[in-house]
Amino acid sequence: MKAMLTAVNIKSYPVYIGAGRYDGLINDDFVYPYFNHVFLNIPSEDYWLECTSSYNPPNYIGQGNANRYALRVTEEGGELIKTPEYSPEQSYEHNKANIKLSKNGDASIENNCRLRGPRQERLRYFSFTKTEEELRNDFLKNCGLPTVRINTYNVKPLLEKPEVNLEYDVLSKKYATKGGKRLFVPLNSINPFASVPAKTENRTKPIVVEQGYTMIDEHTIIFPE
């Protein structure tokens, strides 16, 4: 890629980085060459190319490379630079669902989900590496809905930017629980927020949020007569 850019008079530099959990090994005082990855940086546009990946869009290096020091190699030698940071607004998920309940508590659910930035990485990777059957099985395994039958399921990654659109139509048996003349309806079984840390009585260390994100769930529930 560097040779191709050079051929059209675009200057680029290789950037060496410790991807994943290696970011703490690089600091301002002394750079030990503990690198496991490399990508290209175009300084004139502050543009990043993750050439190893065959599915990431251009100018997106992934959460595992974000917000850390890396070593850019130029004609004058090496220099430390900071990779882009993905803000909570850039790491985004929006579920917009229509839930139609029947009298026995079953539900017909249509959901339109938009994911951006780090929130879309897992689904984008799966869309390029798994079969349609494997994608459906992964959804059935990880969704919070009870007894699901899939009618349609479509994953559409955008090629030019880090976004994925997920659309599905499913039937969920016993989505609501029937009790006498009442239906007890869960507020959010589509995207339940379950990863709450255990309570710590005597905390001695600060809480660190390594990657913030924005999540919006918008549900329309249609009740039976």
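Author: A quick definition first: helices are DSSP runs of H or I with at least four residues, strands are runs of E with at least two, and both are numbered from the N terminus. The model is a predicted one.

Reader: Let's take β6. What makes β6 "mostly covered"?

Author: Buried means under 20% relative accessible area, and 7 of the 10 residues of β6 are buried.

Reader: How do you know that β6 and β7 pair?

Author: Two strands pair if DSSP finds at least two bridges between them. β6 and β7 have 10, in the antiparallel sense, so they count as a pair.

Reader: Which way does β12 run against β6, parallel or antiparallel?

Author: Parallel: 9 bridges join β6 to β12 (residues 214–222). E93, one of the residues closest to the pocket centre, stands opposite M215 in β12.

Reader: What makes the pairing of the sheet β8-β9-β7-β6-β12 "mixed"?

Author: Look at the individual pairs. β6 and β12 run parallel, while β6 and β7 are antiparallel. β7 and β9 are antiparallel too, over 10 bridges, with L171 in β9 as the bridge partner of S108. Both senses turn up among these pairs, and the 5-stranded open sheet is listed as mixed. Its edge strands are β8 (148–157) and β12, each pairing on one side only. On average, neighbouring strands are turned by 10° against each other, direction ignored.

Reader: Which strands does α2 touch where it packs on this sheet?

Author: α2 touches β7, β8 and β9, and its direction makes about 95° with that of β8. α3 packs on the sheet as well, touching β8 and β9, at about 115° to β8.

Reader: Which residues make the contact between α2 and α3?

Author: From α2 you get R122, F126, S127 and T129; from α3, E134, L135, D138 and N142. They divide into 2 nonpolar, 3 polar and 3 charged. The two axes come within 9 Å and cross at roughly 145°.

Reader: Why is D138 called buried?

Author: Its relative accessibility is 17%, and the cut-off for buried is under 20%, so D138 counts as buried. D138 sits in helix α3. Leaving aside neighbours within four places in sequence, D138 is in contact with R122 and F126. F126 is 12 residues away in sequence, and the C-alpha atoms are 9.3 Å apart.

Reader: Why is N67 called partly exposed?

Author: The range in question lies between under 20% for buried and over 50% for exposed. N67 has 34%, so partly exposed is the label. N67 lies in the loop between β3 (47–49) and β4 (69–74). Its phi is positive, about 55°, although N67 is not a glycine.

Reader: Why is K174 called exposed?

Author: The label needs over 50%; K174 has a relative accessible area of 64%, so it is exposed.

Reader: One more sheet: what is the strand order in the antiparallel one?

Author: The order is β3-β2-β1-β4-β5, an open sheet of 5 strands. β3 and β5 (77–82) each have a single partner strand, so one side of each is left without a neighbour in the sheet. The twist averages 35° from one strand to the next.

Reader: And how do you know that β1 and β4 pair?

Author: The rule asks for at least two bridges, and β1 (residues 13–17) and β4 have 2, in the antiparallel sense. V15 stands opposite R72 in β4.

Methods. Residues are numbered from 1 along each chain as its sequence is written. This is a predicted model: local features need pLDDT of at least 70, side-chain atom pairs count only at pLDDT 80 or more; totals for chains, interfaces and linings use all residues. Side-chain values use heavy atoms; hydrogens and water are left out. Buried means under 20% relative accessible area, exposed over 50%, partly exposed in between (1.4 Å probe, protein chains only). Axes are lines fitted to C-alpha atoms, for helices over the stretch in contact, and angles run from 0 to 180 degrees between N-to-C directions. On a 1 Å grid over the protein atoms alone, a cavity is a set of points where a 1.4 Å probe fits but cannot get out, and a pocket is an open set with protein on both sides within 12 Å along at least five of seven lines; lining residues have an atom within 4 Å of a point. Contact means heavy atoms within 4.5 Å. Ala, Val, Leu, Ile, Met, Phe, Trp, Tyr, Cys and Pro count as nonpolar, Asp, Glu, Lys and Arg as charged, and the others, Gly among them, as polar.
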